[in-house]
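Here are some exercises to work through with the model open beside you. Try each task before you read its solution.

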Amino acid sequence: MMSRTTFKLFTLAVLLAGGALVSAQQPLLPSVPPKQFGGSVTPAFEGWYDNADGTHSFLIGYFSRNTDAEIEVPIGSANHFEPGNPDMGQPTHFLTGRRYGMFVYTMPKEFAKQQKLKWVLTVNGVTATVPFYMSPDYNLSPFTSSEESAGGGYNLPPVLRFASSGPSFAGPAATVANAITRTASVSVPLTLDAWADDDAKYSSGASGPMRTAPPPVNLTWSKYRGPGTVTFAQARPKLEALKGGQPNEAYSGTAATTAVFSAPGDYLLHVTANDYSGNGGGGSGCCWTNAMVKVTVSGGTATTTGDR
């Protein structure tokens, strides 16, 4: 299990490695400051973990040096994995700043520790390549915290659902394959409902009380793939508490927002549920949850399908 400090150092090391494997018309260093637009995007390897069936999952994010511009990079020569299938569920729409553990890709149990998988990403003329492999130093435990919480026990990721009694998601394990499905129409708002449960545990480092507690869970919606623009009424809708609301008090909440699509086609939406540990688990590798919603957009009347 990777400690909080080790994880932070490792994340930095990966970004440095990404810089070392960058090619461009002019030199690019990892310390190049962000800018409004025209910046590069570097893949980020958060780490890997074993699954109960013997397979292995790589947890992957990215760092965009753009502060204002969101960028489209379709699957192809500028956005692909190698060797093998170029499409391993990576985004084609890149948000600004650092985005932790946006998706996972699961390798078969036969994948050897010496084997490497690479994400090659070219943005604004700069190509960054980051290798992923199962080094013991990169091993994560994203489904339970490595530090005991201030109230006792260990923090777990929020549990996220898109129907009150629908399938649930827990942990940073978003994939295209496990996306729920919806249908919508161009320019017609699609309602996106979400329910979240959380243990409201947290780690303070000294087991001290939380002086000013934020909401136990925060949601962030974003476009992940798709041919047109997606406009959210609230990309970070506030959850209404159904139960709890204080640290170490079991919490349940619900929130809704809408999304409007500018063009027909197939889209993937991404949602992240952060608990008290914050973005990227505060550097610990735990505890947040993400999931995807596949939306088929046409010119007809907006409808919704089942949960799968």
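The model is predicted, so local features need pLDDT of at least 70 and side-chain atom pairs count only at pLDDT 80 or more, while totals for chains, interfaces and linings use all residues. Residues are numbered from 1 along each chain as its sequence is written, and side-chain values use heavy atoms, leaving out hydrogens and water.

**Exercise 1. Get an overview**

Task: find what share of the 308 residues is buried, and what the accessible surface comes to.

Solution: Start with burial, where buried means under 20% relative accessible area, exposed over 50% and partly exposed in between (1.4 Å probe, protein chains only). Buried residues are 48% of the 308. Next comes the accessible surface, about 13,600 Å², with 54% of it belonging to carbon and sulfur atoms. Areas come from the Shrake-Rupley method with a 1.4 Å probe; for residues, only the protein chains shown count as cover.

**Exercise 2. Describe two ring pairs**

Task: say how the rings of Y49 and F143 are arranged, then do likewise for F81 and F103.

Solution: Begin with the rule: rings of Phe, Tyr and Trp (its six-membered ring) pair if their centres lie within 6.5 Å, and planes under 30 degrees apart count as stacked, over 60 as edge-to-face and the rest as tilted. The structure holds 18 aromatic pairs. In one of them, Y49 and F143 lie 5.2 Å centre to centre with 90° between the planes, an edge-to-face pair. Y49 belongs to strand β2 (residues 41-50) and F143 to the loop between β9 (126-132) and β10 (159-161), so the pair links distant parts of the chain, 94 residues apart.

F81 sits in strand β5 (residues 79-82) and F103 in strand β7 (residues 97-107), so parts 22 residues apart in sequence are tied together. Both F81 and F103 are buried. They also belong to a cluster linked by ring pairs, whose members include F45, F58, W119 and Y138.

**Exercise 3. Find charges over rings**

Task: which ring lies under the charged end of R98, and which under K116?

Solution: The test is that NZ of Lys or CZ of Arg is within 6 Å of the ring centre and within 35 degrees of the ring normal. The charged end of R98 sits over Y100, 4.1 Å from the ring centre. K116 lies over the face of Y133, at 4.9 Å from the ring centre.

**Exercise 4. Trace two sheets**

Task: give the strand order of the open sheet of three strands and of the open sheet of four strands.

Solution: Two strands pair if DSSP finds at least two bridges between them. The three-strand sheet runs β2-β3-β7 with antiparallel pairing, and its edge strands are β2 and β7. Within this sheet, β2 pairs with strand β3 (residues 56-64) over nine bridges; P43 stands opposite Y62 in β3.

The four-strand sheet has the order β12-β19-β18-β14 and mixed pairing. Its edges are β12 (180-185) and β14 (218-225). Strands β18 (residues 265-274) and β19 (residues 288-298) pair in the antiparallel sense over ten bridges, and L269 stands opposite V293 in β19.
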